Amino acid sequence: MGAADVLESAQRFADPGQAADALAQRVGEVIRYAVRARGRASLLVPGGRTPVPLFEALSGIDLPWESVYVSLTDERRVPPADPASNARLVDEYLLNGQAADAHFYPLHREGIDARADEAACGAALSMLPRPFDAVILGMGTDGHTASLFPGDPSLARGLDPDTEAHCVATRAPDAPYDRLSLTLHTLTSSRWIALHISGQEKWQTLQSAIRAGDPQRFPVLAVLSQKKVPTHVYWSA
């Protein structure tokens, strides 16, 4: 399936709540199957505001959460109590209610330099069953996904399909935070991938990415066009 086919098969919803509920139900099915088949399940989730309704929906689903291992697709290199921390977002909106029993492994470790933080990120991911059972990605209006940004000097390493690195230190071109991102190779070491986005501007970004055909300009295209595992788009107006 090519990138254009992924867009053609996208699931579209009238509002973010509907998209979040549908995606939560599908992720729940993936988790249940993984636990039945292998005894454990792994789930990677994004940061930002778009996934908050998804986290709230997931936290209310009756799943074998004590057998679920959760981490992030990317993180800002800030303290865990910082409002910008994705780990804080997960703790606040996902790891409560039914999901309070899940095992969470944050990516960032305070007080170390970028290369050491890349290693710490990889160590955190080693605690999760691999391949990951479900990976949920977001996307910015610039076409970045996880924290793989167009124009960032680390982008080539992050998109290298042959890299042995699990994580790469990055920096958003228009935001003040140093970040960690899983590499494309790591993100696609998974059984199921969803791209969860909302708003007409992001839909137009996806269309622009496919027309451009250049992952250096639109890193999300690297996920949409890779052949290892299909990407399922959940979009809401």
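Which residues does S189 touch, not counting residues up to four places away in sequence? In this predicted model, the contacts of S189 are R130, P131, F132 and K228. S189 sits in the loop that links helix 7 (184-187) to strand 9. Its relative accessibility is 16%. Buried means under 20%, so S189 counts as buried.

D133 belongs to the loop between helix 5 (114-125) and strand 6. With a relative accessibility of 2%, D133 also counts as buried. Leaving aside residues up to four places away in sequence, D133 touches V30, A34, R38, R40, A41, S42, R191 and W192. For S42, a polar contact can be described. A polar atom of the D133 side chain lies 2.9 Å from the backbone nitrogen of S42. A172 is 39 residues from D133 along the chain, and the two C-alpha atoms are separated by 28 Å.

The strands come next. Strands of a sheet pair through backbone hydrogen bonds, and the pairing is either parallel or antiparallel.

Strand 6 (residues 134-137) runs parallel to strand 2 (residues 41-45), and two bridges join them. Here A134 of strand 6 is the bridge partner of L43. Strand 6 is also joined to strand 9, by three bridges, and these two strands run parallel as well. L137 stands opposite L195 of strand 9. The residues of strand 6 point in two directions: A134 and I136 go one way, V135 and L137 the other. All four are buried.

Which residues of helix 4 are buried? They are N86, A87, L89, V90 and Y93. Seen down the axis of helix 4, these residues fall within an arc of 160 degrees, so they line one face of the helix. An α-helix has 3.6 residues a turn, so residues three or four places apart point the same way. The buried residues of helix 4 pack against strand 2, helix 3 (52-59), strand 3, strand 4 (74-76) and strand 5. The N-terminal end of helix 4 is capped by S85. A side-chain oxygen of S85 lies 3.2 Å from the backbone nitrogen of A87.

Helix 8 (residues 200-212) can be read in a similar manner. It has 13 residues and reaches 18 Å from its first C-alpha to its last, close to the 18 Å expected at 1.5 Å a residue. Its buried residues include K202, W203, T205, L206 and A209. These cover an arc of only 155 degrees around the axis, which puts them on the same side of helix 8. E201 and R211 lie on the other side and are exposed. The buried residues of helix 8 pack against helix 1 (3-8), strand 1, strand 9, helix 9 (220-225) and strand 10. G213 follows helix 8, and its phi is positive, near 65 degrees.

Another open sheet has three strands, in the order 4-8-7. Its pairing is antiparallel. The edge strands are strand 4 and strand 7 (167-171), each of which pairs on one side only. On average, neighbouring strands of this sheet are turned by 20 degrees against each other, direction ignored. Strand 7 pairs with strand 8 (residues 178-182) over five bridges, in the antiparallel sense. V168 stands opposite S181 of strand 8. Helix 5 packs on this sheet and touches strand 7 and strand 8. The direction of helix 5 makes about 135 degrees with that of strand 7.

How values were computed. Residues numbered from 1 in each chain as written. Predicted model: local features only at pLDDT ≥ 70, side-chain atom pairs only at ≥ 80, totals over all residues. Heavy atoms only, no water. Pairing = 2+ DSSP bridges. Buried < 20%, exposed > 50% of the residue type's maximum accessible area, 1.4 Å probe, protein only. Arc of directions from axis to C-beta. Contact = heavy atoms within 4.5 Å. Polar contact = N/O pair within 3.5 Å; in protein donor to acceptor, adjacent residues only side chain to side chain. Expected span 1.5 Å × (residues − 1). Axes fitted to C-alpha atoms, helices over the stretch in contact; angles between N-to-C directions.
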